[in-house]
Every structure is written in C-alpha cells, then in structure tokens.
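Take a look at the sequence and the model shown here.

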Number of protein chains: 2
Amino acid sequence: MPSEQPPFALAIDAMGGDAAPEVVLDGLELAAERHPSARFLLVGDEARVGGALARRKRAARACSLRHAPDAIPGDMKPTAALRVRGSSMRVAIDAVAAGEASGVVSAGNTGALMALAKIVIKTLPEIDRPALAAIGPSARGDVVLLDLGANVQCDARNLVEFAVMGDAFARAVLGLTNPSIGLLNVGSEELKGDDRVRHAAEVLRDSHIGAQFRGFVEGHDITAGTTDVVVTDGFTGNVALKTGEGALKLMRDLLRQVFTSSVPARLGYLLARPALDRLREWMDPRRYNGAILIGLNGVVVKSHGGTDALGFAHAVDVAMDMVTHRFNERIREGLARLSTPGPRIAADPR
Amino acid sequence: MPSEQPPFALAIDAMGGDAAPEVVLDGLELAAERHPSARFLLVGDEARVGGALARRKRAARACSLRHAPDAIPGDMKPTAALRVRGSSMRVAIDAVAAGEASGVVSAGNTGALMALAKIVIKTLPEIDRPALAAIGPSARGDVVLLDLGANVQCDARNLVEFAVMGDAFARAVLGLTNPSIGLLNVGSEELKGDDRVRHAAEVLRDSHIGAQFRGFVEGHDITAGTTDVVVTDGFTGNVALKTGEGALKLMRDLLRQVFTSSVPARLGYLLARPALDRLREWMDPRRYNGAILIGLNGVVVKSHGGTDALGFAHAVDVAMDMVTHRFNERIREGLARLSTPGPRIAADPR
C-alpha cells in the first residue's frame, strides 16, 4: 500500500448478496451517516446501480460509481470467478490492489472473494496464509474467532500467525489494549491435543504476546468469553462457529414454540417482551455480520449474503475500524516482533 | 465375550464421581426399578459402600458387592491409574474382561477409564481404534455424535469405522431401523474439506451403509438433526460438543437474566413457566448423560462426574440398551460387511 492515504476508504461491491444492489445501497446510506468523512468507491453495473444510488442522498454524496458490467453468481466456483475480469467484485478488488482504496466489502460469493483477494491483493509478505475471522457474542463481551475455514489444514506456524493477526484484530476492531488469547484444544492441560497445537502453544508462550497468551481453551470457553481471541485451524473453527450458531438457533426456535404453546405463555411473552427484545438485539446476527479475511495487503470484509441494510452497514463498520486503526500495520509490527521462526515452527501439516 | 449370558449385566464403579458412592447408589436405586431383572456387580470399598447399599432396598436386591480397596482420584493421570490394581474402576473393568459382566458404568476419571478399558477389555479385533460417542438434542430428535476426543488424530479408515459404529449405536440405543449418517465437514459440497474426509466419504458411499450415508454435513446440521449420526474426528467432535454446550449455556444464563430483570418479566416467567419447564426438561443435560466408549469387547459408559442420581440412572439405561440390543454383535456384523479396506482406506493421518 502507498504511504499516502488512498482516495477511497473502501471499495464496495454493489452487486454481491441476495438482494443486491438495493440492500447494499441501503446499507451504504446508513454507513455514510456513521462515517461522514469517508469516501466509498461503489462498483457495479451503472444502469442498475446509478438510478438507485441517486435516490439515496447520503450514499450518493459519499460514493463515486465505477462501472463493472458483470456480477459473480453465488454458486460460481472460485476458479471460474477468477476469469471474469469485468465483475463488480473483481473491479472493486482491483481498486484495492491499485492503492485507490484501503479495503473492500462484498456480500457476494465467499469462495470467489477469498480467491480473488488472495490473488489480486496478495498476502502480506510476512504471512504464510491469510485467515478468516469473525466476532461473536460471549458472556463477557465480544470474542474473536479465527480461522473459520480459509485453511482446512494448518500447521503450528499458521496457528501462531493467526494468534498475531487475532491480537491485531482485537486491538483494531474491539478496541482492546491487551487482548487475551487462547488456543482451541480438547482440554486445557499442557499435554492435551496433537503435536501441532502443543508446538504452537510453546512458540506463543515465548513470543512477544506471551503475556497475553492464556494457553489452551476448550469449545465452551468461546461463548464463556474466557479469552478475547480464540485461535484454531480452519476446519475446527468453521465447525465450531456453525455448531454454536446451530445451538443458538435451536434454542431460539424452541423458545418460539414455548411462547406460542398456550395463552398464559403468550401473555408471559408479552410481559417479558422488553427484556427479551434487549436479549434479541444483543444476540442479533446482524451485529456480528462480517467475516474478515486478514493477512492481505488490504482490508477484505465479507458480509453475509442474506443480511439486510443494518447488517451490511455493520460489515462496513468493521472494515472502517480496520482501516482507521491501521490494522495491517499492527499485524506487520506484530510479526516483526515474533522471534525468528526457524526450525521451531517448521511445517507439520495436520 | 463368552456366548452364554454373563451373570451380571453391568459392573458399576461405586467410587467414581464427585459425590460417590451416594449418588451412584441413588442412581442404582432408580436403575433397579427400571430394569427389574438386571443384576449389577457393584465394586467399591466394602466399609464405605456396604452400609449405604443396605439402606437402598431395590439396589441392595439387584446388586452384589465386590470389595476394591482403592479409588482413582479425578485428577490422576491415566498412566498412574493403570498401576492401581485394586481400584474400584479397575476391578469393575476386570469383571467385564473376565466375562462376568457385559459392560461397565463409571462416573470416575475419564482418561483413566478410557485407558483401562482399552488395555483390559481390549478393542474389537476388527476395529483400529475405539471412539467416544454421545447423544444430544436436535430439532428433529436425538442425534449421535462421535468421536468426541478418544482420537485427536484420525485417518479416513477411522472415520469409516466410526460411521459403522455410530450406525450400530443409533440402532441399539435410539431404536432406529435405518439411521441416516453424515460426515462433518466445512461445507456440504463434494469437493470441500481435506483428503481425509473426502476419502472417507467415497468409501462410505460404496459401503453397505451407503444408502444411509447423506454425505457431508456442517456444524449447524448437528442441532438441526439433518442426520441421526454425525461422524467426525476426536479433535473436531470434542470442540463441536463443547461449543454447542457452551452456546446453550450462554442462552440459558441470558434468559435467567431476562426473567429477573423486571417485575413484568418475572411475572411473564411465571405465566410461561409450565412451557419453559417442559423445554428445560427436554434439554436436561441429565437426559443426555453418558459418553460411550465404543469398539471394545464390552460396553463402557462414562457418566458425568457431577451428575445426580437421575443422570447416573440414565447412563445405566444407555449401557443396558447396548447390552440388551447386542450392540457389539451389530458392530461386528457391520464391519464384516464393509468392503475389504485395502489401499483405498490407507492411513492418511490428519
């Protein structure tokens, strides 16, 4: 990235997501209000986006529109997506690679976004592999979980890098000064798990973030908020995220049944409703919208394809936090402070 | 196992768990009522157990007491536990190995139980590695998840064996005639995941349980009940189980806060209480107590150490179901029907 500020904070893929471009534009209308000095490069089919943008005053003032004739379908394979040079996603990512924007937000095809971003924006020179991170709710505040599936096979070195990136992310986005870090394992004792996690733990203990490293944590520690950052490989992280979401969904569905099962239960719901609404708001998936591909030469945020304007605006918030708090510079500083890897964190693929 | 019926259905470790032997005996009092014709071999310190047993009429009639002078502490390393020949856990396991009982139930030290059972009772000749399984709630009925941590590193062959064992388990304990089976992965498309899961899926598709195999499932499918059995490696399974439990606990804790946050909310709780109580009962962890070590020459069930009499009785129920429905013979039949492994499921450790 050039040292001077790029003309645009973020490039926005106008054509990504189930209800694009409408939801994207409604989201930008909210984002423009929240970030009044930010400039966005909106990328999409001029004919479809132009008129819709003109109808949203704040977004229209904050955005420059750049034409891209194509859109990547949600079910297109990443290898095929790479060949569509004129897609809104590609043109937006090209703008980041060219230094015109500090980052990109898209609600489009996840696999395509990860592949395009890695190839076009490129991985930070110090990083072996980028990771996918997200923020979720816990009993003690927000928690950062990574990797969520960018790397289904990881070695100890990848896990150490994820910890450094998770630390930088928690500082930039959650605003924490000394985030605590845990490594996901099947038990908290030092001897538990496989060589890979034990090796990564050893390296982390001796590293510059050793004081923040709390050792091994278990699945239940994620929602307990035992640590601010939970590090794991992409296979386990993806399963953990979806299992946790699934359990919460089961509970929500059952509660809905409970509160419609009888007249007293319906009345009970009405009485408890203000408090239940606060709970719903607190757990609102839109508040946690945005998976972040970290470790690249730019900020890349994937919004959920089915989210609404509020959810999209939140994904823009996350990207703006990362841009504003110089997220990538923090990562590079962190990695520079890691003691020379050498043979201690040699590759041992899972 | 000898072909004639052993004298005892189950050997019971009287000294395992946080409140042993009292909770164990209270649990047996319930179990004796539920299984009136079953005989149990109760193993523990005669001085501590004898009088307490005499005070529980049904349990006293159903049990024979065998003296074991020692008990395995909860924090003892498995390697150390193996050396304590006179422990209640060891004597109970010895009884299974000697053909005196078809299985063992213990609420004691998990690592010690797994190590002792593997070494003394031994793995079925057809099985490479035993697995730890459990039953949990889903939107569509109970679901079986395995492995839960007996094997942190698994290859494709292990996953295939887990599927065969999970199938037999769902038939014996859930009473299903054609349980559906899913393989946990980071996506449901055939090309997702690592070589290991893709290879296991290929073998399962061509196996005798191919018609029951639904391919890849994701984390949220566990609580959605997409399949009756979910197969994964011990690392991922352990994390998934604990993450799901953690998410449910978070939701329960938050609901408690909601319903005590104001007078109307308290009143609402009282009105909805009968329905909420049914929900609580349905999700009651005691109903799902009992992790089962499967793939050994006998039934081995680990009760949660902190459970109460009802929970312990449920662990006994699970073990009795496995004994009654000839669980191990089903596994052996299933494995015999697996097409010869050969090079197709060669080891590819994760």
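The model is predicted. In chain A, 11 strands form an open sheet. Their order is β3-β2-β1-β4-β11-β10-β5-β6-β9-β7-β8, and the pairing is mixed. The edge strands of chain A are β3 (63-67) and β8 (213-217), and each pairs on one side only. On average, neighbouring strands of this sheet are turned by 25° against each other, direction ignored.

Now look inside the sheet. Strand β5 (residues 131-136) of chain A runs antiparallel to strand β10 (residues 291-294) of chain A, and 3 bridges join them. Ala133(A) has Ile292(A) in β10(A) as its bridge partner.

**The sheet of chain B**

Chain B also has an open sheet of 11 strands, with mixed pairing. The order reads β3-β2-β1-β4-β11-β10-β5-β6-β9-β7-β8. At the edges stand β3 (63-67) and β8 (213-217) of chain B. Each has a single partner strand, so one side of each is left without a neighbour in the sheet. Here, too, neighbouring strands are turned by 25° against each other on average, direction ignored.

Strand β1 (residues 8-13) of chain B pairs with strand β2 (residues 40-44) of chain B in the parallel sense, over 4 bridges. Leu10(B) stands opposite Phe40(B) in β2(B).

**Helices across the sheets**

| Helix | Strands it lies across | Angle |
|---|---|---|
| α7(A), residues 156-173 | β5, β6, β7, β9 and β10 of chain A | about 160° to β9(A) |
| α5(B), residues 88-97 | β1, β2, β3 and β4 of chain B | about 160° to β4(B) |
| α6(B), residues 110-121 | β4, β5, β10 and β11 of chain B | about 175° to β11(B) |

**Helix pairs**

Start with a pair that joins the two chains. Helix α11 (residues 263-283) of chain A packs against helix α11 (residues 263-283) of chain B at an angle of about 155°. Their axes are 7 Å apart. Angles over 145 degrees count as roughly antiparallel, and α11(A) and α11(B) are therefore roughly antiparallel to each other. Their crossing is left-handed. From α11(A), the contact is made by Pro264(A), Ala265(A), Leu267(A), Gly268(A), Leu271(A), Ala272(A) and Ala275(A). From α11(B) come Pro264(B), Ala265(B), Leu267(B), Gly268(B), Leu271(B) and Ala272(B). By class, the residues of this contact are 11 nonpolar, 2 polar and no charged.

Next comes a pair within chain A. Helix α7(A) and helix α13 (residues 327-337) of chain A pack at an angle of about 140°, with their axes 9 Å apart. That makes α7(A) oblique to α13(A). The crossing of α7(A) with α13(A) is right-handed. Residues of α7(A) in the contact include Glu161(A), Met165(A) and Phe169(A). Among those they meet in α13(A) are Phe327(A), Arg330(A) and Ile331(A). The contact of α7(A) with α13(A) has 8 nonpolar, 1 polar and 3 charged residues.

**Salt bridges**

Side chains of opposite charge can pair when their charged atoms come close. How many salt bridges are there over all chains? The count comes to 44. One of them joins the side chains of Asp195(A) and Arg198(A), at 2.9 Å from N to O. Both residues lie in helix α8 (residues 195-205) of chain A. Asp195(A) and Arg198(A) are 3 residues apart, about one turn of the helix.

Note on methods
Residues numbered from 1 in each chain as written. Chains lettered and ligands numbered in written order. Predicted model: local features only at pLDDT ≥ 70, side-chain atom pairs only at ≥ 80, totals over all residues. Heavy atoms only, no water. Pairing = 2+ DSSP bridges. Helix = DSSP H or I, 4+ residues; strand = E, 2+ residues; numbered from the N terminus. Axes fitted to C-alpha atoms, helices over the stretch in contact; angles between N-to-C directions. Contact = heavy atoms within 4.5 Å. Parallel < 35°, antiparallel > 145°, perpendicular 65-115°, else oblique. Left-handed = near helix turned anticlockwise from the far one by under 90°. Nonpolar A, V, L, I, M, F, W, Y, C, P; charged D, E, K, R; others polar. Salt bridge = Lys/Arg side-chain N within 4 Å of Asp/Glu carboxyl O.
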